[in-house]
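Let's walk through this structure together, beginning with a pair of strands and ending at the ligand.

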Amino acid sequence: MATPSSGEPSPAALVESAKRAAAFEAVKNHFTPSMTHVGIGSGSTVAYVVEAIAAAMQEAGSNSCVFVPTGSQSRGLILAAGLTAIQYESIGEQQMLDVAFDGADECDADFNLVKGGGLCLFQEKLVAIKAKTFICVADFRKDSQQLLTTWPYIPIEVCPMASSYVIAALKALGSPDPQVRLMNTGTQSPGNVGPSPMKTDQNFWIVMAPFPPLLTSKDASAAGTEGKTTEGLTGKLWEVSQLASAIKSIPGVLDVGIFTGVNGPEAQAQEGQGGQKPIAAYFGMSDGTVKVRTADLKA
Ligand SMILES: O=C[C@H](O)[C@H](O)[C@H](O)COP(=O)(O)O
(Lines give C-alpha, C1' and ligand atoms only; values in the text may rest on other atoms or scores of the structure.)
Protein backbone atom coordinates (compact mmCIF):
# COMPACT_ATOMS: atom_id res chain seq x y z
CA MET A 1 0.00 0.00 0.00
CA ALA A 2 1.30 3.46 -0.88
CA THR A 3 2.28 5.61 2.09
CA PRO A 4 1.95 9.38 1.99
CA SER A 5 5.22 11.11 1.16
CA SER A 6 6.73 13.08 4.01
CA GLY A 7 4.91 16.32 4.69
CA GLU A 8 1.56 15.07 3.37
CA PRO A 9 -1.08 14.47 6.04
CA SER A 10 -2.18 10.86 6.41
CA PRO A 11 -5.82 9.98 5.60
CA ALA A 12 -6.51 9.72 9.34
CA ALA A 13 -5.02 13.16 9.96
CA LEU A 14 -7.17 14.61 7.17
CA VAL A 15 -10.29 13.20 8.78
CA GLU A 16 -9.33 14.60 12.16
CA SER A 17 -8.68 18.07 10.79
CA ALA A 18 -11.98 17.89 8.87
CA LYS A 19 -13.85 17.08 12.09
CA ARG A 20 -12.13 19.93 13.92
CA ALA A 21 -12.85 22.46 11.17
CA ALA A 22 -16.53 21.48 11.09
CA ALA A 23 -16.80 21.71 14.86
CA PHE A 24 -15.23 25.17 15.08
CA GLU A 25 -17.43 26.50 12.26
CA ALA A 26 -20.60 25.05 13.82
CA VAL A 27 -19.77 26.50 17.24
CA LYS A 28 -18.96 29.89 15.71
CA ASN A 29 -22.38 29.99 14.02
CA HIS A 30 -24.62 28.41 16.67
CA PHE A 31 -23.11 28.99 20.13
CA THR A 32 -22.86 32.17 22.16
CA PRO A 33 -21.39 32.33 25.68
CA SER A 34 -24.60 34.04 26.86
CA MET A 35 -26.51 30.78 26.35
CA THR A 36 -27.60 29.02 29.55
CA HIS A 37 -28.15 25.34 28.59
CA VAL A 38 -26.34 23.47 25.85
CA GLY A 39 -26.48 19.77 24.93
CA ILE A 40 -23.26 17.95 24.14
CA GLY A 41 -23.33 14.77 22.06
CA SER A 42 -20.96 11.82 22.01
CA GLY A 43 -18.15 10.62 19.80
CA SER A 44 -14.84 11.81 18.45
CA THR A 45 -16.12 14.87 16.54
CA VAL A 46 -17.88 16.31 19.56
CA ALA A 47 -14.53 16.50 21.35
CA TYR A 48 -13.67 19.37 18.98
CA VAL A 49 -17.06 21.00 19.62
CA VAL A 50 -16.25 21.07 23.32
CA GLU A 51 -12.79 22.46 22.59
CA ALA A 52 -14.33 25.27 20.50
CA ILE A 53 -16.99 26.06 23.12
CA ALA A 54 -14.41 26.15 25.94
CA ALA A 55 -12.27 28.55 23.88
CA ALA A 56 -15.28 30.80 23.18
CA MET A 57 -16.26 30.87 26.84
CA GLN A 58 -12.73 31.61 27.95
CA GLU A 59 -12.43 34.45 25.46
CA ALA A 60 -15.72 35.92 26.71
CA GLY A 61 -14.74 35.43 30.37
CA SER A 62 -18.05 33.65 30.83
CA ASN A 63 -18.91 30.64 32.96
CA SER A 64 -22.66 30.82 33.28
CA CYS A 65 -23.67 28.16 30.74
CA VAL A 66 -24.33 24.59 31.86
CA PHE A 67 -23.88 21.58 29.60
CA VAL A 68 -26.04 18.47 29.36
CA PRO A 69 -24.08 15.35 28.40
CA THR A 70 -25.36 12.41 26.38
CA GLY A 71 -23.40 9.74 28.24
CA SER A 72 -20.27 9.04 30.21
CA GLN A 73 -17.82 9.94 27.42
CA SER A 74 -19.64 13.21 26.77
CA ARG A 75 -19.68 14.08 30.48
CA GLY A 76 -15.93 13.39 30.64
CA LEU A 77 -15.31 15.78 27.74
CA ILE A 78 -17.31 18.56 29.41
CA LEU A 79 -15.55 18.19 32.75
CA ALA A 80 -12.07 17.87 31.21
CA ALA A 81 -12.64 21.18 29.42
CA GLY A 82 -13.44 22.86 32.76
CA LEU A 83 -17.12 23.32 31.86
CA THR A 84 -20.12 22.60 34.10
CA ALA A 85 -22.04 19.39 33.45
CA ILE A 86 -25.57 18.88 34.76
CA GLN A 87 -27.72 15.76 34.79
CA TYR A 88 -30.40 15.45 32.15
CA GLU A 89 -32.89 14.65 34.92
CA SER A 90 -32.29 18.04 36.55
CA ILE A 91 -33.62 19.99 33.56
CA GLY A 92 -37.10 21.37 34.27
CA GLU A 93 -40.03 20.13 32.21
CA GLN A 94 -40.44 23.47 30.43
CA GLN A 95 -36.72 24.26 30.23
CA MET A 96 -35.27 23.79 26.78
CA LEU A 97 -31.65 23.63 25.73
CA ASP A 98 -30.60 26.59 23.61
CA VAL A 99 -28.81 24.26 21.23
CA ALA A 100 -27.42 20.71 21.10
CA PHE A 101 -24.37 19.65 19.09
CA ASP A 102 -23.77 16.04 18.10
CA GLY A 103 -21.96 13.89 15.56
CA ALA A 104 -23.44 11.29 13.21
CA ASP A 105 -22.45 8.12 11.44
CA GLU A 106 -24.34 9.18 8.33
CA CYS A 107 -26.63 12.08 7.35
CA ASP A 108 -28.95 11.82 4.33
CA ALA A 109 -30.24 14.50 1.96
CA ASP A 110 -33.27 15.09 4.22
CA PHE A 111 -31.22 15.38 7.47
CA ASN A 112 -32.17 11.94 8.75
CA LEU A 113 -29.25 10.53 10.73
CA VAL A 114 -27.77 7.18 11.66
CA LYS A 115 -26.23 7.40 15.13
CA GLY A 116 -24.95 5.00 17.75
CA GLY A 117 -21.80 3.71 16.07
CA GLY A 118 -19.97 4.59 19.27
CA LEU A 119 -22.68 2.90 21.43
CA CYS A 120 -24.50 6.15 22.28
CA LEU A 121 -27.93 6.86 20.90
CA PHE A 122 -30.62 6.77 23.59
CA GLN A 123 -29.39 9.72 25.68
CA GLU A 124 -28.42 11.55 22.49
CA LYS A 125 -32.04 11.37 21.34
CA LEU A 126 -33.32 12.60 24.71
CA VAL A 127 -30.99 15.59 24.51
CA ALA A 128 -31.76 16.35 20.84
CA ILE A 129 -35.50 16.52 21.52
CA LYS A 130 -34.95 18.91 24.45
CA ALA A 131 -33.07 21.41 22.28
CA LYS A 132 -34.51 24.37 20.41
CA THR A 133 -32.08 23.57 17.64
CA PHE A 134 -29.87 20.58 17.00
CA ILE A 135 -26.67 20.90 14.96
CA CYS A 136 -24.92 17.93 13.39
CA VAL A 137 -21.13 18.05 13.10
CA ALA A 138 -19.26 15.47 11.04
CA ASP A 139 -16.60 14.86 8.43
CA PHE A 140 -16.96 14.34 4.68
CA ARG A 141 -17.42 10.55 5.01
CA LYS A 142 -20.84 11.03 6.64
CA ASP A 143 -22.51 13.13 3.94
CA SER A 144 -24.92 10.91 1.94
CA GLN A 145 -28.02 11.00 -0.19
CA GLN A 146 -29.52 7.98 1.58
CA LEU A 147 -28.76 6.37 4.94
CA LEU A 148 -26.86 3.06 4.86
CA THR A 149 -25.06 3.99 1.64
CA THR A 150 -21.68 4.16 3.36
CA TRP A 151 -22.46 3.30 6.99
CA PRO A 152 -23.27 -0.42 7.03
CA TYR A 153 -25.89 -0.95 9.74
CA ILE A 154 -28.47 0.59 12.09
CA PRO A 155 -27.35 0.50 15.73
CA ILE A 156 -30.25 -0.54 17.98
CA GLU A 157 -30.08 -0.44 21.79
CA VAL A 158 -31.74 -3.52 23.26
CA CYS A 159 -32.44 -5.10 26.61
CA PRO A 160 -29.97 -8.04 26.78
CA MET A 161 -32.60 -10.68 27.64
CA ALA A 162 -34.65 -9.68 24.57
CA SER A 163 -31.77 -9.66 22.09
CA SER A 164 -32.64 -12.98 20.38
CA TYR A 165 -36.27 -11.92 20.03
CA VAL A 166 -35.25 -8.54 18.60
CA ILE A 167 -32.86 -10.17 16.14
CA ALA A 168 -35.62 -12.49 14.88
CA ALA A 169 -37.98 -9.52 14.51
CA LEU A 170 -35.33 -7.56 12.59
CA LYS A 171 -34.87 -10.47 10.18
CA ALA A 172 -38.62 -10.43 9.61
CA LEU A 173 -38.35 -6.73 8.72
CA GLY A 174 -35.73 -7.61 6.08
CA SER A 175 -32.39 -7.17 7.84
CA PRO A 176 -30.15 -9.86 6.34
CA ASP A 177 -27.88 -10.58 9.30
CA PRO A 178 -28.44 -8.58 12.50
CA GLN A 179 -25.83 -9.24 15.17
CA VAL A 180 -25.14 -8.25 18.76
CA ARG A 181 -22.07 -6.00 18.81
CA LEU A 182 -19.23 -7.78 20.59
CA MET A 183 -16.03 -6.48 22.12
CA ASN A 184 -13.18 -6.82 19.68
CA THR A 185 -10.75 -7.99 22.29
CA GLY A 186 -9.01 -11.33 22.35
CA THR A 187 -9.05 -11.43 26.15
CA GLN A 188 -11.31 -14.07 27.62
CA SER A 189 -11.92 -14.93 31.22
CA PRO A 190 -11.78 -18.62 32.20
CA GLY A 191 -15.01 -20.36 31.29
CA ASN A 192 -15.99 -17.57 28.92
CA VAL A 193 -16.12 -19.03 25.44
CA GLY A 194 -16.11 -15.85 23.41
CA PRO A 195 -16.04 -12.08 23.42
CA SER A 196 -18.72 -10.36 25.48
CA PRO A 197 -21.32 -7.96 24.14
CA MET A 198 -20.39 -4.30 24.37
CA LYS A 199 -22.49 -2.38 26.88
CA THR A 200 -24.11 1.00 26.56
CA ASP A 201 -24.33 3.62 29.32
CA GLN A 202 -27.67 2.00 30.23
CA ASN A 203 -25.98 -1.44 30.49
CA PHE A 204 -27.91 -2.54 27.42
CA TRP A 205 -26.54 -4.15 24.26
CA ILE A 206 -26.29 -2.87 20.70
CA VAL A 207 -27.69 -4.92 17.83
CA MET A 208 -26.21 -3.96 14.46
CA ALA A 209 -28.89 -4.36 11.78
CA PRO A 210 -27.86 -4.01 8.12
CA PHE A 211 -30.53 -2.98 5.62
CA PRO A 212 -30.38 -1.82 1.99
CA PRO A 213 -30.05 1.99 1.69
CA LEU A 214 -33.11 3.75 3.17
CA LEU A 215 -35.44 5.91 1.09
CA THR A 216 -36.07 9.49 2.20
CA SER A 217 -39.75 10.47 2.26
CA LYS A 218 -39.18 12.32 -1.04
CA ASP A 219 -37.68 9.18 -2.60
CA ALA A 220 -40.65 7.17 -1.37
CA SER A 221 -43.17 9.67 -2.76
CA ALA A 222 -41.35 9.76 -6.07
CA ALA A 223 -41.48 5.97 -6.18
CA GLY A 224 -45.20 6.09 -5.37
CA THR A 225 -44.74 3.92 -2.28
CA GLU A 226 -45.74 6.65 0.23
CA GLY A 227 -43.46 5.36 2.91
CA LYS A 228 -44.32 1.69 2.63
CA THR A 229 -41.72 -0.84 1.70
CA THR A 230 -41.12 -1.64 -1.91
CA GLU A 231 -39.27 -4.45 -3.60
CA GLY A 232 -35.98 -3.22 -4.99
CA LEU A 233 -33.09 -4.93 -6.64
CA THR A 234 -31.58 -5.69 -3.25
CA GLY A 235 -34.78 -6.76 -1.51
CA LYS A 236 -37.18 -4.70 0.55
CA LEU A 237 -36.52 -0.96 0.49
CA TRP A 238 -37.71 0.96 3.51
CA GLU A 239 -38.50 4.62 3.93
CA VAL A 240 -36.44 5.95 6.87
CA SER A 241 -39.14 6.95 9.35
CA GLN A 242 -41.29 3.89 8.63
CA LEU A 243 -38.39 1.60 9.40
CA ALA A 244 -37.44 3.57 12.53
CA SER A 245 -40.93 3.24 13.94
CA ALA A 246 -41.19 -0.44 12.98
CA ILE A 247 -37.93 -1.15 14.84
CA LYS A 248 -38.85 1.04 17.83
CA SER A 249 -42.07 -0.92 18.29
CA ILE A 250 -40.28 -4.28 18.73
CA PRO A 251 -40.56 -5.29 22.41
CA GLY A 252 -37.07 -5.17 23.97
CA VAL A 253 -35.86 -2.20 21.91
CA LEU A 254 -34.93 0.80 24.05
CA ASP A 255 -34.24 3.00 21.05
CA VAL A 256 -33.10 2.92 17.46
CA GLY A 257 -30.12 4.81 16.05
CA ILE A 258 -32.15 6.56 13.37
CA PHE A 259 -32.94 10.21 14.06
CA THR A 260 -35.91 11.21 11.94
CA GLY A 261 -39.26 13.02 11.98
CA VAL A 262 -39.15 16.78 12.59
CA ASN A 263 -36.45 19.25 13.58
CA GLY A 264 -36.65 21.68 16.52
CA PRO A 265 -38.41 24.62 14.80
CA GLU A 266 -40.89 22.22 13.13
CA ALA A 267 -41.62 20.61 16.52
CA GLN A 268 -42.13 24.01 18.15
CA ALA A 269 -44.51 25.05 15.36
CA GLN A 270 -46.57 21.97 16.30
CA GLU A 271 -46.40 23.01 19.98
CA GLY A 272 -43.81 20.41 20.81
CA GLN A 273 -40.28 21.03 22.06
CA GLY A 274 -37.32 19.81 20.04
CA GLY A 275 -36.98 17.34 17.21
CA GLN A 276 -34.69 14.44 16.34
CA LYS A 277 -33.44 16.02 13.13
CA PRO A 278 -30.77 18.74 12.95
CA ILE A 279 -31.44 22.11 11.37
CA ALA A 280 -27.96 22.15 9.91
CA ALA A 281 -25.18 19.69 9.19
CA TYR A 282 -21.53 20.78 9.09
CA PHE A 283 -19.17 18.52 7.18
CA GLY A 284 -15.45 19.11 7.34
CA MET A 285 -14.03 18.35 3.89
CA SER A 286 -10.70 16.77 3.00
CA ASP A 287 -9.50 20.03 1.38
CA GLY A 288 -9.88 21.94 4.66
CA THR A 289 -13.17 23.65 3.79
CA VAL A 290 -16.46 23.12 5.61
CA LYS A 291 -19.63 22.19 3.73
CA VAL A 292 -22.77 23.43 5.47
CA ARG A 293 -26.17 21.98 4.65
CA THR A 294 -29.10 23.88 6.15
CA ALA A 295 -32.65 22.58 6.46
CA ASP A 296 -35.39 24.46 4.66
CA LEU A 297 -37.21 25.89 7.71
CA LYS A 298 -40.80 26.27 6.57
CA ALA A 299 -42.16 26.29 10.11
O1 LIG B 1 -22.55 6.45 19.36
C2 LIG B 1 -22.02 7.44 19.00
C3 LIG B 1 -22.64 8.67 18.50
O4 LIG B 1 -23.89 8.52 17.91
C5 LIG B 1 -21.69 9.48 17.66
O6 LIG B 1 -22.19 10.79 17.63
C7 LIG B 1 -21.52 8.96 16.23
O8 LIG B 1 -21.15 7.60 16.25
C9 LIG B 1 -20.44 9.76 15.47
O10 LIG B 1 -19.23 9.59 16.10
P11 LIG B 1 -17.88 10.22 15.56
O12 LIG B 1 -17.95 11.69 15.73
O13 LIG B 1 -16.81 9.60 16.43
O14 LIG B 1 -17.74 9.80 14.12
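Start with β5 and β6 (residues 113–114), antiparallel strands joined by 2 bridges. Strands here are DSSP runs of E with at least two residues, numbered from the N terminus, and two of them pair if DSSP finds at least two bridges between them. Within this pairing, Glu106 stands opposite Val114 of β6. This is a predicted model, where local features need pLDDT of at least 70, side-chain atom pairs count only at pLDDT 80 or more, and totals for chains, interfaces and linings use all residues. Residues are numbered from 1 along each chain as its sequence is written, and side-chain values use heavy atoms, leaving out hydrogens and water.

Now widen the view: the open sheet has 3 strands in the order β5-β6-β14, with antiparallel pairing. Because β5 (106–107) and β14 (258–259) are at the edges with a single partner strand each, one side of each has no neighbour in the sheet.

Next comes the ligand. Let's look at some polar contacts, meaning pairs of N or O atoms within 3.5 Å. A polar side-chain atom of Thr45 lies 2.6 Å from a ligand oxygen atom. Polar backbone atoms also take part: that of Gly118 is 2.8 Å from an oxygen atom of the ligand, and that of Gly116 is 2.9 Å from one. The protein covers 91% of the 370 Å² of accessible area that the ligand has on its own, by the Shrake-Rupley method with a 1.4 Å probe.

Definitions and conventions. A polar contact is a pair of N or O atoms within 3.5 Å; within protein, one must be able to donate a hydrogen and the other to accept it, and residues adjacent in sequence count only if both atoms are side-chain atoms. Helices (H or I, at least four residues) and strands (E, at least two) are DSSP runs, numbered from the N terminus.
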